[in-house]
Amino acid sequence: MQSINLDYNATTPLRAEVLEAILPYFQLHFGNPSSVHWAGRQAKHGVEEAREQIAAFLHCRPAEVLFTSGGTESNNLALAGVLNATRRKGNHVITTAIEHSSILEPLEALAKEGATVTTLPVSHEGRVSADDLMAALRPETVLVSISLANHEIGTIQPIAALSRIVREREICFHVDAVQAAGKLPLDVNSLGVDLLSLSAHKISGPKGVGALYVRKGTALAPLLHGGSQEREKRAGTENVAAVVGFGVAATLAAQELEAHAAHCCSLTSMLYEGIVQNVPGTVLNSPPQQRLPNTLNIGFSDATGEGLMMGLDLAGIAVSTGSACAAGSLEPSHVLLALGRNTEEAKSALRFSVGKETTEQEIDRVVEVLPQVVERVRKATMKSEK
Amino acid sequence: MKTTVTPNSELRTPNSPRRVLAALSGGVDSAVAAALLVEAGYEVIAISMLLAGNAEGHDGGCCSIDDFQDARRVAEQLDIPYYVLNLKDAFRNKVIDVFTTEYLRGRTPNPCLLCNRDLKFDLLWQRARELDAHSVATGHYARVSYDETDDRYRLLRAVDQRKDQSYFLFTLSQAQLARTLFPVGHLTKDEVREKARALGLRVAEKPESQDICFVPDGNYARFIEQRLTAAQRVQVAAGEIVDQDGQVLGSHDGVHRFTVGQRRGLGLGGLAEPQYVTTIDAERGRVTVGAKSQLMTRGLTANTVSWVEEMPAQEVNATVKIRYRHPAIPSRIVVQAGGRAEVWFQESYPAVTPGQAAVFYDGERVLGGGWIEKAL
């Protein structure tokens, strides 16, 4: 049975070029980059080259790139790092209701330690309004954190416009670009950000590595202590091989950005058309415009996302719904709830996300299988309402 | 470590009459049940049900994160798909909230019965239909048999009398019984553990969960107190403990802390005879106690009675269990209108507890059962 992956927003397979670039750093150039001798130098070279590649990817200076263990750590570091460094100025943070949990949960923890957090609502398309942001600003606001593109529904925020509001007041502006990377162009100056989070495994790089862009002059308190790595902002021996892989992945992603976006766009349109023509009772949760080219979030009336996901999985098709909890079950997406959907609607959604390796044949197969799965789930749901 | 059963990873075709949804709790019984099905050539899809919110690893409770890890490993060893279903909302509404309100009414609920009746089997059933599975299977110690002459399904006690869980399954309908498998019902617990060891399943030696799955530390009174709304808090206020004549003997901290037949925790010292709770009046916040003789009753009334076997026209002789761990006692069941019944014990019996279930047996067959309203 054919295995089809339509869950690229969860993670991506490693590219061949990345694997090739990584391998020498396990046994040949195995050194610790902090060592002063030949072994250290080889490893350090790999790390610094990758740093330059990420800097080119973001159009920033290499000195402004910090390597972390991934998007979650980058987000945690950005939020706690700014708050802990600017306590005397204030402790108010503004974010949105549809952020990833690696933004919302650290903020919950920081709120318990005394920070105040304002969560901006979003429109039914998932967009933040500049007026709402302006109204939320206070004298004690030190940080605004808004993701460039949403992981669940794909909505793209007007970051440049929002940035103007924030930075004229000298408030720090952090943007989670984890999902946007590789799909939208990233230029820290066009976007107008002070901090930006990236994750390698969303752009065909390895898991376990990410980066945080920190504009020169931004005060940031470290989370991890115990070494002077990353300009004393992130202690710990660097994950050299993964960092090298990240650099290569970013370079390729930048080169192929337009082609990749076009590839995804056409496949997503094909998928959407196929679904709408063959499955009744669907609602588009993703905005029709200004959304990631590869992301399609669709609600299926009278069917549980859980049942649909399981039925598709048994047919070899991987999609996503909601988010996984610690026990391995699915929780309804807080993003859909923030759009104004009710719990039932939030529980009836599937997220399809295509990627580099997705083919038209795969889309055809999904369009063929999905209607039967939906019908079976719907019939089962009806029967149990005695 | 792979088991000796044939992996069925290629058999995932829909419309298969041999596709079964097997519920895994992370314990040895459901693990062996799934393994037996795989051995018998069924196409098994394993699921666990996330019921309570506190999925932290805890001892004694069931279905913690550690339990799901165990279940996942079992599924891997058997090479079958595994999913965790999120039933927290439904469980809270249909089991936990009902559990709380029953105690506030001075009744003693059995949450496992509520779960089986209103949640577990219905939801397992729905998922089974969604996934085109023909049956569901659990690790319960009970048996289903089909009687050709009557064209009826029977629910029977397990072979292992000490483990028999048929008490919890009396609400299953004919339609449900037709599609429910209990693969370990014909084995003893020892045989089940032996089978688990033979298959190399890591859960072979796992101890059984004892307490209510959503109250892992067993302190159900505190669990209830922590969940009360402001309005409900009044209902668990302190009140009086009185004797059969209404004389106040002492005070208590909330009717939810008591069950009929309870002897300990009354805080009444220096009385001639040991005292037992005979009735609980939640409206007046009053707990009545008496000597053991006053606990004895002639029978009980039950409501929401359901029948696995054909409902008798008027009455039937049967043995009845009024609690899970009680023996079945000879009784006469008189059918009444509106899904009710009177159960008359052959000999007086103590501690009929409103809120529990009365399950009717004929030898090893479950006839049906109902919910205890009050003692006669």
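These legends describe close-up views of a predicted model.

**View 1. The side of chain A that touches chain B.** The contact draws 19 residues from chain A and 18 residues from chain B. On chain A, three elements each supply at least two residues: α12 (305-314), β13 (330-331) and α15 (360-383). The largest share comes from α15(A), with 6 residues. By class, this side of chain A holds 8 nonpolar, 6 polar and 5 charged residues.

**View 2. The domains of chain B.** Chain B is divided into domain 1 (19-205), domain 2 (237-290) and domain 3 (296-375). Between domain 2 and domain 3 of chain B, the C-alpha centres are 26 Å apart.

**View 3. Helix α1 of chain B and its surroundings.** Helix α1(B) covers residues 28-39, 12 residues in total. From first C-alpha to last it reaches 16 Å, close to the 16 Å expected at 1.5 Å a residue. The helix is mostly covered, with 11 of its 12 residues buried. Just after α1(B) comes Gly41(B), which takes a positive phi of about 90°.

**View 4. Leu119(B) and its contacts.** Leu119(B) sits in helix α4 (residues 111-130) of chain B. Is Leu119(B) buried or partly exposed? Leu119(B) counts as partly exposed because it has 18 C-beta neighbours inside 10 Å, whereas a buried residue needs 20 or more. Setting aside residues up to four places away in sequence, Leu119(B) touches Leu87(B), Ala90(B), Phe91(B), Lys94(B) and Val95(B).

**View 5. Strand β12 of chain B and two pairing strands.** Strand β12 (residues 296-307) of chain B pairs with strand β15 (residues 340-350) of chain B. The sense is antiparallel, over 6 bridges. Here Met296(B) stands opposite Pro350(B) of β15(B). β12(B) also pairs with strand β17 (residues 365-375) of chain B. This pairing is antiparallel and runs over 6 bridges. Ser306(B) has Gly369(B) in β17(B) as its bridge partner.

Definitions and conventions
Residues numbered from 1 in each chain as written. Chains lettered and ligands numbered in written order. Predicted model: local features only at pLDDT ≥ 70, side-chain atom pairs only at ≥ 80, totals over all residues. Contact = placed C-beta atoms within 7 Å. Helix = DSSP H or I, 4+ residues; strand = E, 2+ residues; numbered from the N terminus. Nonpolar A, V, L, I, M, F, W, Y, C, P; charged D, E, K, R; others polar. Domains from an automatic or database assignment. Expected span 1.5 Å × (residues − 1). Pairing = 2+ DSSP bridges.
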